Amino acid sequence: MNPFLSLSIDYASHRDYLDNLFPVYPIAPNSSRDVDSLIWRRVEEAFENRDDKALVNALLRLELFPVKDSFVSFFKRDKTALDRNPATVNRVARHLYDLGLEEIHRLCSAGKESNRQIGPMFRNWIRNGGAGIAPVGMADFITGNRDAVLDASDQEMMAFAREHLGYEREKGLDFVARVSGRYVIGEAKFLTDYGGHQNAQLNDALATLNADVDAVKVAILDGVCYIPGHAKMYSIITSAQYRDQNIMSALVLHNFIESLSGSL
């Protein structure tokens with residue numbers, strides 16, 4: 001097994017892993033969203049008048065619609081469809097009436113999901129020296145030759161990797177570094193649970209390991225994937241296909257960088 005994957009599993013299983021991971025992903029409790037008072041007044045009026053179309057239309061103006069309904073997203077993108085589809089509007093409105101105004105307000109003001117906060121956190125951590133090497137902008141990274149990590153957006157890092165390293169995936173990168181003259185690229189994911197979207201996130205990170213590029217490739221994974229057992233994520237990263245590849249926690253990334261520079 002790759003020693004840094006082994007180290008990551010051991011870290012998560014026997015040490016204060018979550019305590020030390022928080023500085024990398026400082027996810028705050030979800031704060032409530034503001035509900036525009038003028039729009040909410042229209043919601044109340046439409047609700048009291050049992051005006052289905054006006055109720056749905058007003059709620060569409062808020063950041064978060066209170067019910068999950070596959071048809072609502074169509075209305076968000078084409079509000080003229082409210083006039084053409086009265087039966088659907090009535091069906092959605094009946095659900096809203098059953099909820100009541102108090103519950104509608106609570107759902108509309110719900111905080112953003114944690115996974116929507118995670119995106120920039122890893123790069124902020126890198127920017128603050130998390131990888132143990134200095135972050136530099138694009139111009140300095142291209143013209144310099146000292147060890148450095150590229151401080152840029154995922155799209156800018158993808159563009160650099162395309163031009164200089166032969167990267168061809170249609171996915172941005174979270175990590176591009178130069179260590180002892182060798183380039184390192186990778187994606188970082190915090191896998192908070194099993195299944196669905198989280199499995200897709202894992203697959204995205206692992207796909208980078210299969211890219212044909214002139215660089216060292218890493219998948220910087222954290223979260224439930226390191227819990228031993230029969231869960232799919234753990235089985236995948238410890239399978240014959242991946243167990244010897246560069247899969248690791250952000251918390252051991254500096255050890256990996258040191259190994260490339262000959263410090264270990």
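The structure holds 10 salt bridges, each defined as a side-chain nitrogen of Lys or Arg within 4 Å of a carboxyl oxygen of Asp or Glu. The model is predicted, so local features need pLDDT of at least 70 and side-chain atom pairs count only at pLDDT 80 or more, while totals for chains, interfaces and linings use all residues. Residues are numbered from 1 along each chain as its sequence is written, and side-chain values use heavy atoms, with hydrogens and water left out.

One of these pairs joins Arg169 to Glu187, with the closest N and O atoms 2.9 Å apart. Arg169 sits in the loop between α12 (154-165) and β3 (175-179), whereas Glu187 belongs to strand β4 (residues 182-191), so the pair ties together parts 18 residues apart in sequence. Helices (H or I, at least four residues) and strands (E, at least two) are DSSP runs, numbered from the N terminus. Glu187 also meets the side chain of Lys189 in a salt bridge, at 3.4 Å from N to O.

Arg169 counts as buried because its relative accessibility is 17%. Lys189, at 10%, is buried, and Glu187 is buried with a relative accessible area of 1%. Elsewhere, Arg84 forms a salt bridge with Asp78, the closest N and O atoms being 3.1 Å apart; Asp78 counts as partly exposed because its relative accessibility is 23%.

Turning to the nonpolar residues, a core is a set of buried Ala, Val, Leu, Ile, Met, Phe, Trp, Tyr and Cys residues joined through side-chain atoms within 4.5 Å. In the largest core, of 49 residues, those touching the most other members are Tyr25, Phe122, Phe175, Leu221, Ile247, Leu253 and Phe256. Strand β5 (residues 216-223) supplies the largest share of this core, 5 residues. Leaving aside neighbours within four places in sequence, Phe256 is in contact (heavy atoms within 4.5 Å) with Phe4, Val184, Val216, Val218, Asn246 and Met248. Another core, of 26 residues, lies apart from the largest one and includes Leu55, Leu59, Val89 and Cys108.

Finally, Ser8 lies in helix α1 (residues 3-14) and counts as buried because its relative accessibility is 0%. Not counting residues up to four places away in sequence, Ser8 touches Tyr226, Met248, Ser249 and Val252.

Notes:
Buried means under 20% relative accessible area, exposed over 50%, partly exposed in between (1.4 Å probe, protein chains only).
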